[in-house]
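Look at the protein shown here, then work through the questions and answers that follow.

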Amino acid sequence: MSATAKTNLLNLDRANLEDFFRSHGEKPFRATQVLKWMHQGGVSDFDAMTNLSKELRQRLTEIAEVRAPEIVSDHTAPDGTRKWLLRVDSVNCVETVFIPEDDRGTLCVSSQVGCALDCAFCSTAQQGFNRNLSVSEIIGQVWVAKRALSDTKFERDRAITNVVLMGMGEPLANFDNVVQAIGVMKDDFAYGLSKRRITLSTSGIVPAIDRLREQCDVALAVSLHAPNDVLRDELVPINKKYPIRELLDACRRYVDRESRSNDRITFEYVMLQGVNDSPEHARDLARLLRGVPSKINLIPFNPFPQTRFVRSDDAAIARFRDILMNAGYVTITRRTRGDAIDAACGQLAGRVTDRTKRVLRRVNTLPDSPEPQACNG
Ligand code: SAH
């Protein structure tokens with residue numbers, strides 16, 4: 001066998017797959033054939049790709065592979081939410097969640113192993129950061145979920161109709177791989193999802209929002225969580241670099257672009273008791289978003305071990321929502337799904353070998369913390 005590694009075809013979008021076949025003296029239409037086998041058929045064995053010649057199948061077996069992350073665990077919550085822990089290399093795992101609803105099936109996909117941002121209320125942040133996911137590891141989550149869901153009894157409970165990039169990681173910090181994976185999600189020869197059915201959620205990396213506007217048409221969700229910079233600096237530290245005003249300007253540019261396919265930004269707002277949930281915060285938020293085509297998504301905080309935050313009570317959330325609705329904003333309170341299996345927003349933790357030493361730093365800043373111990377397994 002040759003010493004060079006096989007090309008993982010899940011890393012290639014249609015254009016790259018065409019180049020791959022061209023470079024091996026094949027016609028580019030092989031790309032669409034193979035895309036269909038891989039993504040629509042869930043096929044990883046080249047021998048099963050029966051509309052390719054025997055020689056080509058043999059050659060592909062030698063030089064290429066279809067390799068997705070491997071399922072480590074697979075749990076379904078009483079509400080039907082299903083979560084997979086997926087191994088992406090010998091030490092790291094990420095999580096992917098499927099949320100079935102009456103009219104849709106949403107897959108929540110991770111973009112990084114851990115997260116380099118340090119949002120105070122997010123459990124992924126506690127894990128630290130290891131690396132970006134590759135294209136095959138991002139689209140591979142859709143590939144694995146689609147295959148796994150085929151064992152579900154009812155058709156309507158297993159179709160992936162929507163994808164949200166709201167799992168572990170900051171998708172705009174892994175821009176190129178995320179955009180390429182989105183291309184495969186949209187490709188009619190792969191998953192054929194329309195741009196309105198793919199939502200990318202970001203903590204607000206302003207230059208990358210502009211790049212996204214130029215390169216890739218999807219719905220945008222922005223994790224706002226606070227109506228002023230003092231509070232947002234504390235909850236979403238990237239705000240110190242890209243404050244609210246710059247962020248909202250980028251949002252306006254995003255919806256103003258020519259194609260206008262995404263006519264509104266979804267603003268996510270996690271409801272934290274006594275922190276950002278007062279009627280005054282709601283009024284400030286209503287004022288802040290005036291003039292930005294918006295939809296507001298209130299997310300009841302989902303707790304995780306060692307968090308200092310508490311979920312706002314239902315009355316506070318209802319009051320907050322009413323103020324925004326009366327100000328004319330479409331406001332939805334996100335239902336908490338999958339919390340029985342730690343699959344709800346902000347609870348995804350995977351298995352991350354932290355390379356940023358964040359976990360260590362945190363231990364060291366605790367009063368009277370013992371010296372960090374070596375991990376002896
Ligand atoms: N990094 C991206 C995408 C991942 S988080 C982003 O920040 O948008 C997806 C959503 O869940 C974000 O709005 C995030 O702020 C929210 N979230 C994080 N932790 C949460 C928690 N503990 N409870 C509820 N929502 C949370």
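Q: Are Tyr 269 and Phe 320 buried or exposed?
A: This is a predicted model, in which local features need pLDDT of at least 70, side-chain atom pairs count only at pLDDT 80 or more, and totals for chains, interfaces and linings use all residues. Residues are numbered from 1 along each chain as its sequence is written, and side-chain values use heavy atoms, with hydrogens and water left out. Buried means under 20% relative accessible area, exposed over 50%, and partly exposed in between, with a 1.4 Å probe and protein chains only. By these limits, Tyr 269 and Phe 320 are both buried.

Q: What kind of aromatic pair do Tyr 269 and Phe 320 form?
A: A pair of aromatic rings is described by the distance of the centres and the angle of the planes. Rings of Phe, Tyr and Trp (its six-membered ring) pair if their centres lie within 6.5 Å; planes under 30 degrees apart count as stacked, over 60 as edge-to-face and the rest as tilted. With 5.0 Å centre to centre and 35° between the planes, the pair of Tyr 269 and Phe 320 is tilted.

Q: Which elements hold Tyr 269 and Phe 320?
A: Helices (H or I, at least four residues) and strands (E, at least two) are DSSP runs, numbered from the N terminus. The pair links distant parts of the chain, 51 residues apart. Tyr 269 belongs to strand S12 (residues 265–271), and Phe 320 to helix H11 (residues 314–326).

Q: Which residues do ring pairs link into a cluster?
A: The structure has four aromatic pairs. One of them joins Phe 301 and Phe 304 edge-to-face, at 6.1 Å centre to centre and 65° between the planes; Phe 301 and Phe 304 are buried. The cluster linked by ring pairs consists of Phe 301, Phe 304 and Phe 309.

Q: Which residue lies over the face of Phe 175?
A: A charge sits over a ring if NZ of Lys or CZ of Arg is within 6 Å of the ring centre and within 35 degrees of the ring normal. Here the distance from the ring centre is 4.0 Å, and the residue is Arg 211.

Q: Which exposed residues are on the face of H3 turned away from its buried side?
A: In helix H3 (residues 54–63), the buried residues are Leu 56, Arg 57, Leu 60 and Ile 63. They cover an arc of only 140° around the axis, so they are on the same side of H3; the arc is that of the directions from the helix axis to the C-beta atoms. The face turned away from this buried side carries Lys 54 and Glu 55.

Q: Which exposed residues are on the face of H10 turned away from its buried side?
A: Helix H10 (residues 279–288) has His 281, Ala 282, Leu 285 and Ala 286 as its buried residues. Their arc around the axis is only 140°, which puts them on the same side of H10. On the face turned away from the buried side are Glu 280 and Arg 287.

Q: Which element gives the largest share of the lining of the largest pocket?
A: On a 1 Å grid over the protein atoms alone, a cavity is a set of points where a 1.4 Å probe fits but cannot get out, and a pocket is an open set with protein on both sides within 12 Å along at least five of seven lines; lining residues have an atom within 4 Å of a point. The largest pocket has a volume of about 1,000 Å³, and of its 38 lining residues the closest to its centre are Arg 104, Val 164, Met 166, Asn 297 and Arg 334. The largest share of this lining is four residues, and they come from S13.

Q: What is the volume of the largest cavity?
A: The count comes to one cavity of 30 Å³ or more. Its lining has 30 residues, with Phe 121, Cys 122, Met 166, Ser 223 and Gly 346 nearest the centre. A volume is the space filled by probe spheres set on the grid points, which are joined across faces, edges and corners. For the largest cavity, this volume is about 500 Å³.

Q: What is the relative accessibility of Gln 306?
A: Most residues other than glycine have a negative phi. Gln 306, in the loop between S13 and H11, has a positive phi, near 70°. Gln 306 counts as exposed, with a relative accessibility of 78%.
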